[in-house]
Amino acid sequence: MKFHGAPERFEAVADLVGRHFDTNKIKYVADVAGGQGMLSRILRKRYNCECDVIDPREYGIVGVNRRVECYVPDMATFYDLIIGLHPDQALRPVVESSLYRPTIVVPCCNYWSAEKMGAKLMRQSIEEWYKAHNIRYVVEELKIDTPHRFALITFGPKIKG
Ligand SMILES: C[S@@+](CC[C@H](N)C(=O)[O-])C[C@H]1O[C@@H](n2cnc3c(N)ncnc32)[C@H](O)[C@@H]1O
């Protein structure tokens, strides 16, 4: 199967899921802007979780569940984990989903701000958003061959007290 960009990105994001979350507790995953559905296929095989690709694109890998629609944060609470790997226009809805569920986002093009921003500035601006909303997060650099290789992993709002 042919993919645009660095094909190792799917395995790299699947590794993140295993390292940051208890995969026994991750039953339903939203693979937002999942394109053909390669990440969903790997996650299902590796961790036996139910994955939905949520993407307006109609066709993808046979056997991978698809919701052919644009993602909005209202969809988040159905899932245990929301992932946006190079999510284009779904970037902001995935970031905002961190208010409701754990998320992983690997931004690519700047659909974050009307301001012109490179990858680094966009990442910093997303981090500012998390801080402003009290979201616990970490950043990891994936070992993939593209400038768009920074993953932001969130773990819900900080508990006040
Ligand atoms: C750069 S591709 C990435 C696809 C896949 N995650 C990958 O890494 O190969 C961006 C995808 O975002 C989808 N997309 C664009 N706007 C979206 C939205 N509002 N909600 C969900 N998916 C969207 C596009 O249809 C496209 O498949």
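Colleague: Which way do Thr103, Ile104, Val105 and Val106 point from strand β5, and are they buried or exposed?

Modeller: Thr103 and Val105 point one way from β5 (residues 103-106), while Ile104 and Val106 point the other way, and all are buried. A residue is buried if 20 or more other C-beta atoms lie within 10 Å of its own, exposed if 12 or fewer, and partly exposed in between, with C-beta atoms placed from the backbone. Strands here are DSSP runs of E with at least two residues, helices are runs of H or I with at least four, and both are numbered from the N terminus. This is a predicted model, where local features need pLDDT of at least 70, side-chain atom pairs count only at pLDDT 80 or more, and totals for chains, interfaces and linings use all residues. Residues are numbered from 1 along each chain as its sequence is written.

Colleague: Thanks! Which strands does β5 pair with?

Modeller: β4 (residues 81-85) runs parallel to β5, joined by 4 bridges, and β7 (residues 150-157) is antiparallel to β5 over 3 bridges. Two strands pair if DSSP finds at least two bridges between them.

Colleague: Which residues of α2 are buried, and what covers them?

Modeller: In α2 (residues 38-47), the buried residues are Met38, Leu39, Ser40, Arg41 and Leu43. Their cover includes α1 (9-20), β1 (28-32), β2 (50-54) and β4.

Colleague: Which residues touch the most others in the largest nonpolar core?

Modeller: That core has 37 residues, and Val13, Val29, Ala30, Val32, Leu39, Ile82 and Ile83 touch the most other members. A nonpolar core is a set of buried Ala, Val, Leu, Ile, Met, Phe, Trp, Tyr and Cys residues joined through C-beta atoms within 7 Å. In soluble globular proteins, nonpolar side chains tend to be buried together.

Colleague: What is Val32 in contact with?

Modeller: Leaving aside neighbours within four places in sequence, Val32 is in contact with Ile54, Tyr71, Ile82, Ile83, Gly84, Pro87, Ala90 and Val94. Contact means that the two C-beta atoms, placed from the backbone, lie within 7 Å.

Colleague: Changing topic: which residues come nearest the ligand?

Modeller: There are 19 residues around the ligand, and Ala33, Gly35, Cys70, Gln89 and Ala90 come nearest. A residue is near a molecule if its C-beta atom, placed from the backbone, lies within 6 Å of it. By class, the shell has 11 nonpolar, 4 polar and 4 charged residues. Ala, Val, Leu, Ile, Met, Phe, Trp, Tyr, Cys and Pro count as nonpolar, Asp, Glu, Lys and Arg as charged, and the others, Gly among them, as polar.

Colleague: Where is Ala33, and is it buried or exposed?

Modeller: Ala33 is in the loop between β1 and α2. Ala33 is buried because 26 other C-beta atoms lie within 10 Å. Although Ala33 is not a glycine, its phi is positive, about 60 degrees.

Colleague: What about Asp88 and Asn48?

Modeller: Asp88 is not a glycine either, yet has a positive phi of about 50 degrees; it is in the loop between β4 and α3. With 14 C-beta neighbours inside 10 Å, Asp88 counts as partly exposed. Asn48 follows α2, with a positive phi near 60 degrees, and is exposed, with 11 other C-beta atoms within 10 Å. Asn48 and Asp88 are 40 residues apart in sequence and 27 Å apart in space, C-alpha to C-alpha.
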